[in-house]
Amino acid sequence: MKIYLASASPRRRELLAQIGLQFEVKVSNVQEKASASDPAKVVEELSRQKARAVFEELAAGHLLVIGADTVVAADGRILGKPAGREEAVEMLELLSGRTHEVFTGVTLICRDACGQVFSKTFHERTEVSFYAMSGKEIGDYVSTGDCMDKAGAYGIQGFCARYIREIKGDYNNVVGLPAGRLYQEAKEWLEG
């Protein structure tokens with residue numbers, strides 16, 4: 001079976017490789033638009049859009065497409081990737097000294113050897129607590145550029161780890177993909 005990751009995220013590539021999957025990256029060109037406002041529903045909807053767009057581009061054959069989307073939620077706001085430095089600072093000020101949630105939605109679409117199509121969508125939720133960050137610390141972190149391509153303007157696996165007080169849930173989910181759950185959800189297709 002051929003496996004396709006419908007994401008350009010280097011972190012998702014690393015996590016899939018870490019669990020032993022061999023795959024190709026095929027980025028979806030879908031214009032992401034969510035109709036939901038609940039973070040869990042938003043990430044599920046966006047992961048479905050990405051996976052479906054890539055699946056529809058592929059020729060027949062035995063395959064699995066993995067679509068994913070991650071957002072940070074704090075105070076009822078959904079925080080995606082910051083549009084610029086100012087927005088990154090604003091997001092980090094909101095997260096500083098507080099607990100927030102990280103949601104990743106995953107959609108798996110499988111076409112078996114007989115041509116039958118199966119799909120499932122799920123989400124994972126992890127709580128992350130930050131230590132308080134001073135204005136200088138936020139500015140220094142934003143200046144590294146590490147925050148610009150990440151939901152909520154931070155990467156738990158990099159420089160920002162110095163500000164993480166606690167996590168409750170799946171660490172890999174915060175990185176961008178709940179790898180263990182993904183494997184368990186796809187196991188029947190991967191082994192079949």
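**Salt bridges, core, pocket and loops**

A: Arg181 is partly exposed, with a relative accessible area of 30%. Partly exposed is the range between buried, under 20% relative accessible area, and exposed, over 50% (1.4 Å probe, protein chains only).

Q: What sort of model is it, and how is the numbering done?
A: This is a predicted model: local features need pLDDT of at least 70, side-chain atom pairs count only at pLDDT 80 or more, and totals for chains, interfaces and linings use all residues. Residues are numbered from 1 along each chain as its sequence is written, and side-chain values use heavy atoms, with hydrogens and water left out.

Q: Which residue does Arg181 meet in a salt bridge?
A: Glu185, with 3.1 Å from N to O. A salt bridge here is a side-chain nitrogen of Lys or Arg within 4 Å of a carboxyl oxygen of Asp or Glu.

Q: How are Arg181 and Glu185 placed in helix α6?
A: They are four residues apart in α6 (residues 179–191), so about one helical turn separates them. Helices (H or I, at least four residues) and strands (E, at least two) are DSSP runs, numbered from the N terminus. An α-helix has 3.6 residues a turn, so residues three or four places apart point the same way.

Q: Which residues are joined with that pair into a network?
A: Salt bridges with shared partners join Lys120, Glu124, Arg181, Glu185 and Glu188 into one network.

Q: How many salt bridges are there by this rule?
A: The count is 16. One of them links Lys2 and Glu24, whose closest N and O atoms are 2.6 Å apart. That pair links distant parts of the chain, 22 residues apart: Lys2 is in strand β1 (residues 2–5) and Glu24 in strand β2 (residues 24–25).

Q: Moving inside. How many residues has the largest nonpolar core?
A: It has 42, and those with the most contacts inside it are Ile66, Leu108, Phe130, Tyr154 and Leu182. A nonpolar core is a set of buried Ala, Val, Leu, Ile, Met, Phe, Trp, Tyr and Cys residues joined through side-chain atoms within 4.5 Å. Another core, of nine residues, lies apart from it and includes Tyr4, Ala6, Ala51 and Phe55.

Q: What is Phe130 in contact with?
A: Leaving aside neighbours within four places in sequence, its contacts (heavy atoms within 4.5 Å) include Leu92, Leu95, Tyr154, Cys160 and Ile164.

Q: Now α2. Is it mostly covered or open?
A: Mostly covered: 14 of its 19 residues are buried. Ser47, which lies in this helix (residues 39–57), is buried at 0% relative accessibility. Beyond four places in sequence, Ser47 is in contact with residues including Gly67, Asp69, Val106 and Thr121.

Q: How does the length of α2 agree with what its residues should span?
A: At 1.5 Å a residue, its 19 residues should span 27 Å, and the end C-alpha atoms are 28 Å apart, which agrees. The expected span is 1.5 Å times one less than the number of residues.

Q: What's the volume of the largest pocket?
A: About 510 Å³. Of its 28 lining residues, the closest to the centre are Ser9, Arg12, Lys50, Lys81 and Asp149. A pocket is an open set of points on a 1 Å grid over the protein atoms alone where a 1.4 Å probe fits, with protein on both sides within 12 Å along at least five of seven lines; lining residues have an atom within 4 Å of a point. Grid points are joined across faces, edges and corners, and the volume is the space filled by probe spheres set on the points.

Q: Which element gives the most to that lining?
A: β3, with four residues.

Q: Last topic, backbone angles. Where do Asp75 and Ala153 lie?
A: Asp75 lies in the loop between β3 and β4 (77–79), and Ala153 in the loop between α4 (135–143) and β7 (164–168). Asp75 has a positive phi of about 55° although it is not a glycine, and the phi of Ala153 is near 65°. Most residues other than glycine have a negative phi.

Q: Which of the two is buried and which exposed?
A: Asp75 is exposed at 53%, while Ala153 is buried at 0%.
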